[in-house]
Amino acid sequence: MKAIIVDDEDGSITTLQMLLSRYCPEVKVMASFLDPLEAIARIDSFNPDLLFLDIEMPYANAFDLLDKLAPVSFEVIFVTAFNNYALKAIKYAAVDYLLKPVSIEELKFAIGRASKQLELRQNQNENKRVSGLLENLKQSDKGSHKITVPTKDGFEVEDAKNILYLEASGSYTIMAMNTGNRILVSKGLKELEEILADANFVRVHHSFIVNILQVKEYKKGRGGTIEMKNGDLIEMSVRKKQDFLDKFVI
């Protein structure tokens, strides 16, 4: 993994570089920046897989930097001495959030998570084939929607009915297939909800859209729980419960 470090403290950069070199040899630090404005101007030229980003910096904080670089193609790990940014880090779809001084075990765990996210992106070949053929859903007749599933040699065309559910992952979406594959799509859940509006899909939670053809069982509760045909359990939002039930003749 090609990595960039942005931190306004030279000692913090040196320490992180040492930890990565010693405990995470799969990560290669391509460059580091003390000045976030310089980082904004130069990060894209390195085409990094991973960005280690301090939050509190002069001239521009981490969130300003990400806003100026958006949309980003790399994973982000926030590294900060402050513990009050976790929720905002989640909003910006960071793969992890590390507090200084950085724990070796937490660093290894964060690198593992970043590696998995990058693998999902690579398997899906930058999501271009999936995103392109998802547009076919807008034009197909109900019940005959097609979608592409990337392979190492190209892609396969499958029925959308083979999608179990869609799960939000920051600004991306994970598409769970009945084959066991999980594909990262470079579209947000809201956009996919609009594309799939005329198909057999329903939003059941702010993070989930399910294919009603793949539902095995619904268990009552305040919102309730949906069991998919592969055994996965999905919690239902109270607000979305009636939308889901309206899809069935009860």
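At what angle do helix H2 (residues 36-46) and helix H3 (residues 62-69) pack, and how far apart are their axes? Select both helices in this predicted model. Their packing angle is about 30 degrees, and the axes lie 10 Å apart. Angles under 35 degrees count as roughly parallel, so H2 is roughly parallel to H3. The crossing of the two helices is right-handed.

Next, show the side chains between the helices. On the H2 side, select Pro 36, Ala 39, Ile 40, Ile 43 and Asp 44. They meet Leu 65, Lys 68 and Leu 69 of H3. This contact consists of 6 nonpolar and 2 charged residues, with no polar ones.

Keep Ile 43 selected and display what surrounds it. Leaving aside residues up to four places away in sequence, Ile 43 touches Ile 4, Val 6, Phe 33, Pro 48, Leu 51, Leu 65, Leu 69 and Phe 74.

Now widen the view to the largest nonpolar core, which has 21 residues. The members that touch the most others are Val 6, Ile 43, Leu 51, Leu 53, Leu 65, Leu 66 and Phe 78. To see where the core comes from, colour strand E1 (2-6), strand E2 (28-33), H2, strand E3 (50-53), H3 and strand E4 (75-80); each gives two or more residues. H3 gives the most, with 5 residues.

For the last stop, move to another core, which lies apart from the largest one. This core has 19 residues, and Val 27, Leu 50, Leu 98 and Ile 111 are among them. In soluble globular proteins, nonpolar side chains tend to be buried together.

Terms used
Residues numbered from 1 in each chain as written. Predicted model: local features only at pLDDT ≥ 70, side-chain atom pairs only at ≥ 80, totals over all residues. Heavy atoms only, no water. Axes fitted to C-alpha atoms, helices over the stretch in contact; angles between N-to-C directions. Helix = DSSP H or I, 4+ residues; strand = E, 2+ residues; numbered from the N terminus. Parallel < 35°, antiparallel > 145°, perpendicular 65-115°, else oblique. Left-handed = near helix turned anticlockwise from the far one by under 90°. Contact = heavy atoms within 4.5 Å. Nonpolar A, V, L, I, M, F, W, Y, C, P; charged D, E, K, R; others polar. Core = buried A, V, L, I, M, F, W, Y, C linked by side-chain atoms within 4.5 Å. Buried < 20%, exposed > 50% of the residue type's maximum accessible area, 1.4 Å probe, protein only.
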